[in-house]
Amino acid sequence: MTHAALPAERRESGEFVLRLLRATRARPARLGCFGLHEWAMVYGDDRPRHGQVPLRLGAAGTDAVVESMPVRCTHHDAFRFFTPAARPLNETTPTRADQVRIEQPGCLHATMDLYKWAYKLAPATPSELVADCFELAEAVRELDMRASPYDLSALGYPAVRIETPTGRAEYAHAQAAFADRAGPLRDRLIAVAEQVAGSPAPVAR
């Protein structure tokens, strides 16, 4: 399907995805968030979003972890689920309008979003690329949940204890590895987005 044959709405989506992925690719990965976004979603709240599974450290222990470290979430779709008490603790206030300006490749949610962008660019996206993005998103989501405040050990997911130095090192190491895996997929999606948006790659100077 040619660029001209695509609906205007799809071309506009392609333009947004292209801007976002190019901007994200150009930034260094930040690895110091330690998955605190999931903790901030239950901070100061006696009714956690996922009440069917227990908090590993209880409500008070969970709050103490959030208060003990800087909260550095850069992703709007994670930040918007922060509790009202947690929002002022974040270093920034990411909004949808800021996404192109601040998204960075170390963010787990930015990496999982590659699967979403693959679908947004359909039918131009090769099925193999969609599958590759899904496989990576699934692996990243596992880390996301293992590093969360919830006790998922009964479901076969041992905790990454980010409240400890060892756990934070484990998280950052895995986060960096996922960012490396995401890079080539992001490049492939950029090539697809260029086709959808009708925008060729910038000429190197």
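Below is a chat about a predicted model, covering a cavity, a histidine, some cysteines and a proline.

User: How many cavities of 30 Å³ or more turn up in the whole structure?

Analyst: A search of the whole structure gives 1 cavity at that cut-off. Keep in mind that this is a predicted model.

User: OK, and how much space lies in the largest cavity?

Analyst: About 100 Å³.

User: Which residues line the largest cavity?

Analyst: The lining is made up of Cys-33, His-37, Arg-72, Cys-73, Thr-74, His-75, Ala-78, Gln-104, Cys-107, Leu-108, His-109 and Gln-175. By class that comes to 5 nonpolar, 6 polar and 1 charged residues.

User: Let's pick His-75. Where is His-75 found?

Analyst: His-75 sits in the loop between helix H3 (58-68) and helix H4 (76-79).

User: Is His-75 buried or exposed?

Analyst: Buried: its relative accessible area is 1%, and the cut-off for buried is under 20%.

User: Which side chain does His-75 join in a polar contact?

Analyst: The side chain of Asp-113, at 2.8 Å. A polar atom of the His-75 side chain also lies 3.1 Å from the backbone nitrogen of Asp-77.

User: And what is His-75 in contact with, leaving aside neighbours within four places in sequence?

Analyst: Pro-94, Gln-99, Glu-103, Cys-107, His-109, Ala-110 and Asp-113.

User: Switching to the cysteines. How many disulfides does the count give?

Analyst: The count is 0.

User: What about Cys-107, which cysteine sulfur is closest to its own?

Analyst: That would be the sulfur in Cys-73, at 6.2 Å, so again too far for a bond.

User: Are Cys-33 and Cys-107 buried or exposed?

Analyst: Cys-33 is buried, with a relative accessible area of 16%. Cys-107 counts as buried too, at 8% relative accessibility.

User: New topic: where does Pro-126 lie?

Analyst: Pro-126 is in the loop between helix H6 (108-120) and helix H7 (127-146). Its relative accessible area is 37%, so Pro-126 is partly exposed.

User: And what separates the C-alpha atoms of Pro-126 and Leu-189?

Analyst: The separation is 9.6 Å, while the two residues are 63 residues apart along the chain.

Note on methods. Residues numbered from 1 in each chain as written. Predicted model: local features only at pLDDT ≥ 70, side-chain atom pairs only at ≥ 80, totals over all residues. Heavy atoms only, no water. 1 Å grid on protein atoms, 1.4 Å probe; cavity = no way out; pocket = protein on both sides within 12 Å on 5 of 7 lines; lining within 4 Å. Points joined across faces, edges and corners; volume = space filled by probe spheres on them. Nonpolar A, V, L, I, M, F, W, Y, C, P; charged D, E, K, R; others polar. Helix = DSSP H or I, 4+ residues; strand = E, 2+ residues; numbered from the N terminus. Buried < 20%, exposed > 50% of the residue type's maximum accessible area, 1.4 Å probe, protein only. Polar contact = N/O pair within 3.5 Å; in protein donor to acceptor, adjacent residues only side chain to side chain. Contact = heavy atoms within 4.5 Å. Disulfide = S-S within 2.5 Å.
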